[in-house]
Amino acid sequence: MTTASFRPRQDAGIPSGGEFKAFGHKEGELKLGRHSAAASSNRFVPESLRMAHFPDPNVIHELQWAVQSSVDDEQLADYQAENFSDKLPHLHYEESAAYFSQAQQAYADGGDLAGILEEAAAADTARHPGGSLADGYEPSITEHRAGYGQGVLSTGDKYTGYRNATDICKDIREELKKATAANYLPAGLKYSVTNDKFAGGQAVRVVIQGVSDADRTAGSTEMDRHGEIADLPEYKQLGARVESITDAYNRQDVDGQSDYFNVAYYSSV
């Protein structure tokens with residue numbers, strides 16, 4: 001697939017004040033604010049993994065790099081057009097190509113490149129079938145800072161001191177319910193939250209039920225480092241979000257190099 005991703009030169013004998021003429025692009029294909037209209041995603045996401053979508057904070061920088069590289073080096077134009085589209089997986093290729101063409105023109109002419117890229121990223125986010133987060137819900141946050149030796153001290157935002165793992169499990173179950181109601185976690189999943197007590201510590205274990213192996217890789221064309229079909233980003237995000245809830249009540253000061261582990265409880269998801 002190709003786009004208007006090259007810098008066409010002026011026809012011979014036509015003075016225009018510059019070496020290059022404008023990029024060709026179809027003005028009618030794209031309008032600012034278009035992403036607010038209902039439309040289907042270009043990418044399939046299983047029902048079991050549909051939850052509020054948060055855009056990658058680095059996507060604007062990556063889109064800008066693709067555009068600048070395609071204009072500065074004509075040989076990279078087609079490659080960067082594909083790369084640009086890959087960063088906007090929920091837009092159909094024709095839509096991302098239109099954004100790419102407009103962004104190239106803006107970069108070449110000194111136009112509002114940032115505005116076009118922000119619009120493209122917003123359109124992709126709005127198109128994700130997971131929907132948005134309920135108003136008022138605040139995801140759990142864990143603070144990280146230097147810990148013992150070479151380690152890291154991590155403290156969850158709901159940590160109030162050492163507590164019995166049985167009581168922590170009750171709170172985690174309630175938080176999982178709230179997160180599901182707020183669309184931070186997918187609807188329809190079940191969670192088994194248990195704890196273990198042992199000499200020198202305690203552990204909290206959460207098992208997520210309701211995501212099949214087929215859903216885990218549905219529609220994925222990426223390969224992982226083992227040469228197998230890679231897990232969907234939503235599958236990885238599900239685990240990370242449940243981990244953030246599970247660790248919200250924890251304080252962990254860990255330095256593996258010196259075998260130092262000072263934690264309120266061990267956890268696994």
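This is a predicted model: local features need pLDDT of at least 70, side-chain atom pairs count only at pLDDT 80 or more; totals for chains, interfaces and linings use all residues.

Colleague: Where is Asp259 placed?

Modeller: Asp259 is found in the loop that runs between strand 5 (251-255) and strand 6 (260-263).

Colleague: And what is the phi of Asp259?

Modeller: The phi of Asp259 is positive, at about 60°, although this residue is not a glycine.

Colleague: Which loop does Asn183 lie in, and what is its phi?

Modeller: Asn183 belongs to the loop between helix 5 and strand 3 (190-198). Its phi is near 70°, which is a positive value in a residue other than glycine.

Colleague: Let us change topic to the helices. At roughly what angle do the axes of helix 5 and helix 7 cross?

Modeller: The axes of helix 5 (residues 165-181) and helix 7 (residues 233-246) cross at roughly 135° and come within 9 Å. The two helices are therefore oblique to each other.

Colleague: Is that crossing left-handed or right-handed?

Modeller: The crossing of helix 5 and helix 7 is right-handed.

Colleague: Which residues make the contact?

Modeller: Helix 5 contributes Ile172, Glu175, Leu176 and Ala179, while helix 7 contributes Val242, Ile245 and Thr246.

Colleague: How do the residues of that contact divide into nonpolar, polar and charged?

Modeller: In the contact of helix 5 with helix 7, five residues are nonpolar, one is polar and one is charged.

Methods: Residues are numbered from 1 along each chain as its sequence is written. Side-chain values use heavy atoms; hydrogens and water are left out. Axes are lines fitted to C-alpha atoms, for helices over the stretch in contact, and angles run from 0 to 180 degrees between N-to-C directions. Helices (H or I, at least four residues) and strands (E, at least two) are DSSP runs, numbered from the N terminus. Angles under 35 degrees count as roughly parallel, over 145 as roughly antiparallel, 65 to 115 as roughly perpendicular and the rest as oblique. A crossing is left-handed if the near helix is turned anticlockwise from the far one by less than a right angle, and right-handed if clockwise. Contact means heavy atoms within 4.5 Å. Ala, Val, Leu, Ile, Met, Phe, Trp, Tyr, Cys and Pro count as nonpolar, Asp, Glu, Lys and Arg as charged, and the others, Gly among them, as polar.
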